[in-house]
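Please look over the sequence and the 3D structure shown here. The paragraphs that follow lead through the parts one at a time.

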Amino acid sequence: MTDRPRLILGSGSPRRRELLAQLGVTADDIRPPDIDEDPMKGELPRAYCVRLAREKAQAIPADAEEIVLAADTTVALGRRILGKPADEKEAAQFLTLLSGRRHRVVTAVAVRRGDQIWEKDVVTQVKMKMLSNEELNAYLASEDWRGKAGGYAIQGPAGAFIPWINGSFTAVVGLPLTETANLLQAAGYPLYKPAS
């Protein structure tokens with residue numbers, strides 16, 4: 001029996017589970033929060049993303065000694081927030097907007113233990129190549145855009161559309177590993193210690 005605190009992942013994202021596994025971490029429980037993810041009027045992408053990660057961490061029921069990890073990823077084109085597309089038409093609109101341009105991917109992470117919360121956000125610059133109609137239609141048909149901020153996932157087929165990033169690849173996927181590891185350790189999770 002181990003004395004390490006239980007880790008609750010506040011996300012149903014399989015990508016976040018895979019990224020945690022890269023740190024050698026498996027969540028003890030997965031509890032996706034049910035919160036309103038609509039941006040507030042005039043809210044900027046980074047502030048929106050940070051707020052959502054914090055609200056997710058606070059919305060998840062947990063015992064005082066359990067550690068809750070929540071995150072949010074937002075694609076920002078200027079001041080505009082490109083969330084998860086509602087349908088194929090919106091995915092096409094997002095990808096057409098991003099085609100041939102640089103944009104930012106913001107991922108905010110919030111770790112909570114009891115009443116204390118540790119937070120970090122990471123902004124990565126991403127360039128998408130100019131998409132041909134053939135590329136756009138093939139990607140839409142793959143349905144890989146479903147449930148992805150900005151309508152694409154860099155770790156999937158859309159990786160072929162991204163010639164350049166400046167920042168954290170794992171943050172674009174959905175969980176910046178360096179920052180997440182630091183937050184977990186700050187909250188008392190024994191990340192690099194063998195299980196006793």
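In helix α6, which spans residues 177-186, the buried residues are Leu177, Thr180, Ala181, Leu183 and Leu184. Viewed down the axis of α6, these residues fall within an arc of 165 degrees, so they line one face of the helix. The arc is that of the directions from the helix axis to the C-beta atoms. Buried means under 20% relative accessible area, exposed over 50%, and partly exposed in between, with a 1.4 Å probe and protein chains only. Helices (H or I, at least four residues) and strands (E, at least two) are DSSP runs, numbered from the N terminus.

This is a predicted model, in which local features need pLDDT of at least 70 and side-chain atom pairs count only at pLDDT 80 or more, while totals for chains, interfaces and linings use all residues. Residues are numbered from 1 along each chain as its sequence is written, and side-chain values use heavy atoms, with hydrogens and water left out.

What do the buried residues of α6 pack against? Their partners are β1 (7-9), α1 (14-22), β3 (67-77), β5 (102-113), β6 (116-127) and α5 (169-173). Contact here means heavy atoms within 4.5 Å. Just after α6 comes glycine 188, with a positive phi of about 95 degrees.

Helix α3 covers residues 88-98, and its buried residues are Ala91, Ala92, Phe94, Leu95 and Leu98. Around the axis they take up an arc of only 165 degrees, which puts them on the same side of α3. The cover over the buried residues of α3 includes β3, β4 (80-82), β5 and α4 (133-142).

Asparagine 133 lies in helix α4. This asparagine 133 is exposed, with a relative accessible area of 59%. Between asparagine 133 and lysine 84 there are 49 residues of separation in sequence and 21 Å in space, C-alpha to C-alpha.

Now for the chain as a whole. It has six helices and seven strands, arranged along the sequence as β-α-β-α-β-β-α-β-β-α-β-α-α. For 196 residues, a compact globule would have a radius of gyration near 16 Å, and the 17 Å of the chain agrees with this; the radius is taken over C-alpha atoms, and the globule rule is 2.2 Å times the number of residues to the power 0.38. Along the principal axes, the C-alpha atoms fill a box of roughly 55 × 35 × 25 Å. Of the 196 residues, 47% count as buried. Among contacts between residues at least 6 apart in sequence, 66% join residues at least 24 apart.
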